[in-house]
Amino acid sequence: MATGLNDGSLPSHEPDITEALERFGENLRRARIKAGMSQEAVAFASGMHRTALSRLECRERAPEFRTLLRLARALDVTPASLLRGIR
């Protein structure tokens, strides 16, 4: 059973986390589109599988810190921009 501590999955009973995931997914998708990159290109540049990136954009997973940094570098944005609007 997933605990939500190490695997990036989240319990559905945490609405604040769910809202943060929604915002992160939107920010990530917006940054990817603005960069003119496909999911495949961003995934390759950040060293992850395309389905993992898709799950982040679709709000199904929370990113690990190192993933956040890799995505920001791949998209040439700041990590803060991917977290914009999350409180």
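Which residue just after helix 4 takes a positive phi? D76 does, with a phi of about 55 degrees. The legends below lead up to that spot.

Figure 1. The protein has 5 helices and 0 strands. Its elements run α-α-α-α-α from the N terminus on. Helices (H or I, at least four residues) and strands (E, at least two) are DSSP runs, numbered from the N terminus. Of the 87 residues, 30% count as buried. Buried means under 20% relative accessible area, exposed over 50%, and partly exposed in between (1.4 Å probe, protein chains only). Take the contacts with a separation of 6 or more: 58% of them join residues 24 or more positions apart. Contact means heavy atoms within 4.5 Å. This is a predicted model, where local features need pLDDT of at least 70, side-chain atom pairs count only at pLDDT 80 or more, and totals for chains, interfaces and linings use all residues. Residues are numbered from 1 along each chain as its sequence is written, and side-chain values use heavy atoms, with hydrogens and water left out.

**Figure 2. Helix 2 meets helix 3.** Helix 2 and helix 3 (residues 50-57) pack at an angle of about 110 degrees, with axes 8 Å apart. Helix 2 is therefore roughly perpendicular to helix 3 (65 to 115 degrees; under 35 is roughly parallel, over 145 roughly antiparallel, the rest oblique). Axes are lines fitted to C-alpha atoms, for helices over the stretch in contact, and angles run from 0 to 180 degrees between N-to-C directions. Helix 2 brings Q39, E40, V42 and A43 to the contact; helix 3 brings R50, L53, S54 and E57. These residues divide into 3 nonpolar, 2 polar and 3 charged.

**Figure 3. Helix 2 meets helix 4.** The axes of helix 2 (residues 39-46) and helix 4 (residues 65-75) come within 8 Å. They cross at roughly 120 degrees, which means that helix 2 is oblique to helix 4. V42, A45 and S46 of helix 2 touch R70, L71, A74 and L75 of helix 4.

**Figure 4. Helix 4 has a buried face.** T67, L68, L71, A72, A74 and L75 are buried. Seen down the helix 4 axis, they fall within an arc of 165 degrees, so they line one face. The arc is that of the directions from the helix axis to the C-beta atoms. On the other side, F65, R66 and R73 are exposed. D76, with its positive phi, comes just after helix 4.

Definitions and conventions. Nonpolar A, V, L, I, M, F, W, Y, C, P; charged D, E, K, R; others polar.
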